[in-house]
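Please look over the notes below with the model open.

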Amino acid sequence: MTDTDLDDLLNAWLAPSPDESLRERLQAGIAVRRPRPVRRLLTPLRLWAMAATVILVVLIVNPDAFSKKVSTYTVDSEVTLHRGPEGVGLPQRVLMTSYNDAGTEVLRAWSFPDQPVETALLKTRMLANDTRERLARPFEKIAKYYYIVKYGLATPPEDPDDAYAIVYPNRPDTPLLIGKRAALVSSDCRTIHGGAEVIGHDVVMNYATTILQQRNGGARKLTLWMAPELSCFALRATIHEMQPDGSWKLVSEKKALKVNVNP
Amino acid sequence: MDVLRLFDEHHALLFRFAYRLTGSAADAEDIVQVCFLELLRPECTYDATRAPIRAWLLGTVRNQSLKRLRRRAEAPALPQPAGPTSPERETLRSELEAAVRKAVLTLPETQSEVLILAHYEQLPLAEIADILNLDLGAVKSRLQRARASLREALAEYAPNLERKS
């Protein structure tokens with residue numbers, strides 16, 4: 001049998017044509033299997049629901065996220081940290097931009113100049129801590145009310161967290177509470193808690209300041225040059241620590257570099 | 001991916017290939033449908049940068065056909081011819097067609113797939129090698145063995161030979 005003979009024989013086996021309905025059946029199969037287009041998932045109603053959920057989560061995590069606080073000024077400051085030999089390699093300077101909101105300092109921006117890695121690490125850690133605290137806050141409130149209702153435990157009324165004035169005299173992660181905001185502002189920066197005393201008056205960056213000094217346990221003293229005109233913003237702040245020989249050593253000093261009015 | 005456009009371009013070839021591998025038009029239609037729906041699956045393995053679509057489709061048809069053949073082999077019944085089976089009603093041509101069909105279907109799968117693509121679909125051997133993941137030499141030798149087997153099986157139908165019946 002030649003190749004041609006074999007080819008002729010093989011050609012005797014004809015294949016039928018597929019049924020005309022095959023295309024329609026495939027179309028039906030495609031309609032069933034086709035993944036739902038994204039636009040159908042994102043209906044207007046679902047988009048609104050998603051946006052509302054995001055806003056709710058943001059408000060829980062950060063209740064002040066959408067409150068727009070307008071400051072009439074900001075102050076650029078530089079902090080010098082006088083570290084001993086054990087502080088080699090650690091940040092020695094901090095740059096801050098901040099303002100006072102009714103007696104309490106609000107940080108707008110900060111950095112360790114020339115140390116981007118340390119800056120990023122600390123910012124990440126601060127953000128994580130802040131987020132954790134904000135997330136825990138609603139549960140703490142629920143727990144408090146639960147005990148009040150169940151055991152009749154009434155806790156003494158507490159001042160809200162924002163009743164206290166805060167300053168950042170050295171680092172962005174170590175705010176210090178210095179007393180009640182209302183009392184501080186209404187007394188032209190003469191009153192902070194903890195036995196502070198007015199030790200003088202000075203002019204810093206053309207602003208009249210009240211110099212307040214507070215000793216913590218005798219081994220540390222905080223001195224603030226607070227400007228009544230700037231809602232008691234500390235245009236200068238120093239921290240001294242007592243040495244074994246009884247002398248005072250300057251460990252940090254914050255100085256205003258520039259006051260930006262209507263930033 | 002426009003599956004219907006691909007269907008229009010390739011379904012006839014795929015159907016014939018599946019039909020000749022399985023011997024069943026119904027199975028061939030199912031296989032062609034499954035093959036195109038496979039393209040819509042998120043885990044579809046088709047990669048346009050690695051192989052032309054025709055090779056991928058033929059490979060899928062082949063795999064689906066072999067699956068069905070194996071499933072069928074586990075069942076006792078053998079595939080039935082598509083046409084009439086009564087000897088009284090069979091013409092000479094349909095008898096010859098049935099004989100060729102039987103001869104091709106009884107070839108080992110490795111030979112029948114090469115023969116179908118080479119003889120019936122007239123694909124170049126290099127493309128067959130791509131579709132079946134073989135080297136060219138293997139394709140040639142399988143084709144030769146397939147043709148030798150068919151020569152023997154169909155000897156009695158050779159035009160220049162006497163019938164042995």
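**Notes on the predicted model**

1. Disulfide count. This is a predicted model. Over all chains the count comes to 1 disulfide.

2. The pair. A:Cys189 and A:Cys232 are the partners, with an S to S distance of 2.2 Å. That falls within the 2.5 Å cut-off, so the pair counts as a disulfide. The angle about the S-S bond is -95°, and the link of A:Cys189 and A:Cys232 is left-handed.

3. What the link ties together. A:Cys189 sits in the loop between helix H6 (181-186) and strand S6 (197-204) of chain A. A:Cys232 sits in the loop between strand S8 (220-227) and strand S9 (233-242) of chain A.

4. Burial. Are A:Cys189 and A:Cys232 buried or exposed? Both A:Cys189 and A:Cys232 are buried.

5. Helix packing in chain B. Helix H1 (residues 3-22) of chain B packs against helix H2 (residues 25-38) of chain B at an angle of about 140°. Their axes are 8 Å apart. That angle makes H1(B) oblique to H2(B). The crossing of H1(B) past H2(B) is right-handed.

6. The contact. From H1(B), residues including B:Leu6, B:Phe7, B:Leu14 and B:Phe15 take part. From H2(B), the contact residues include B:Ile31, B:Val32, B:Cys35 and B:Phe36. The residues of the contact of H1(B) with H2(B) divide into 13 nonpolar, 3 polar and 2 charged.

7. One cysteine in that contact. B:Cys35 of H2(B) is among the residues that meet H1(B). B:Cys35 is buried, with a relative accessible area of 0%.

Key
Residues numbered from 1 in each chain as written. Chains lettered and ligands numbered in written order. Predicted model: local features only at pLDDT ≥ 70, side-chain atom pairs only at ≥ 80, totals over all residues. Heavy atoms only, no water. Helix = DSSP H or I, 4+ residues; strand = E, 2+ residues; numbered from the N terminus. Buried < 20%, exposed > 50% of the residue type's maximum accessible area, 1.4 Å probe, protein only. Axes fitted to C-alpha atoms, helices over the stretch in contact; angles between N-to-C directions. Parallel < 35°, antiparallel > 145°, perpendicular 65-115°, else oblique. Left-handed = near helix turned anticlockwise from the far one by under 90°. Contact = heavy atoms within 4.5 Å. Nonpolar A, V, L, I, M, F, W, Y, C, P; charged D, E, K, R; others polar.
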